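Good morning, and thank you for joining this group meeting. Please look at the sequence and the structure as I put them on the screen.

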Amino acid sequence: MHLDTVRRWRGRFAHGGLPALADWKRSGRPARFTPVQVAEAKALACQLPAETRLPLSP
């Protein structure tokens, strides 16, 4: 880890304690799916087609 990175994080901690170490807001488009929806899609993708009895394509 670069020395400047360590200094920045130490400064944030010294100024605001543990809450200051939380992630900052990031630029970009907001998420379209909730974390629950993402987890459900990943679980479905990991299942075998025979388990779900759904075709591989519509």
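**Helices, contacts and distances in a predicted model**

The count of salt bridges comes to one, where a salt bridge is a side-chain nitrogen of Lys or Arg within 4 Å of a carboxyl oxygen of Asp or Glu. Before I describe that pair, two notes on the source. This is a predicted model, in which local features need pLDDT of at least 70 and side-chain atom pairs count only at pLDDT 80 or more, while totals for chains, interfaces and linings use all residues. Residues are numbered from 1 along each chain as its sequence is written, and side-chain values use heavy atoms, with hydrogens and water left out.

Which residues form the salt bridge? Arg7 pairs with Asp4, and their closest N and O atoms are 3.7 Å apart. In general, side chains of opposite charge can pair when their charged atoms come close. Arg7 and Asp4 are three residues apart in helix 1, so about one helical turn separates them. Helices here are DSSP runs of H or I with at least four residues, numbered from the N terminus. As a general point, an α-helix has 3.6 residues a turn, so residues three or four places apart point the same way.

Are these two side chains buried or exposed? Buried means under 20% relative accessible area, exposed over 50%, and partly exposed in between, with a 1.4 Å probe and protein chains only. Arg7 is exposed at 53%, whereas Asp4 is partly exposed at 43%.

Let us stay with helix 1, which covers residues 3-16. Its expected span is 1.5 Å times one less than its number of residues. For the 14 residues of helix 1 this gives 20 Å, and the end C-alpha atoms are 20 Å apart, which agrees. Just after helix 1, Gly17 takes a positive phi of about 70°.

Next, the ring of Trp9. Arg12 lies over the face of Trp9, at 4.4 Å from the ring centre; the rule asks for NZ of Lys or CZ of Arg within 6 Å of the ring centre and within 35 degrees of the ring normal.

Val6 also has its place in helix 1, and with a relative accessible area of 33% Val6 is partly exposed.

I turn now to the other helices. Val36 is in helix 2, residues 35-45, and is exposed at 54% relative accessibility.

Helix 3 covers residues 49-52 and holds Glu51, which is exposed at 54%. Thr52 is found in helix 3 too, but is partly exposed at 22%. How far apart are the C-alpha atoms of Glu51 and Thr5? They are separated by 48 Å, at 46 residues apart along the chain. For Thr52 and Met1, 51 residues apart along the chain, the C-alpha separation is 46 Å.

Notes:
Helices (H or I, at least four residues) and strands (E, at least two) are DSSP runs, numbered from the N terminus.
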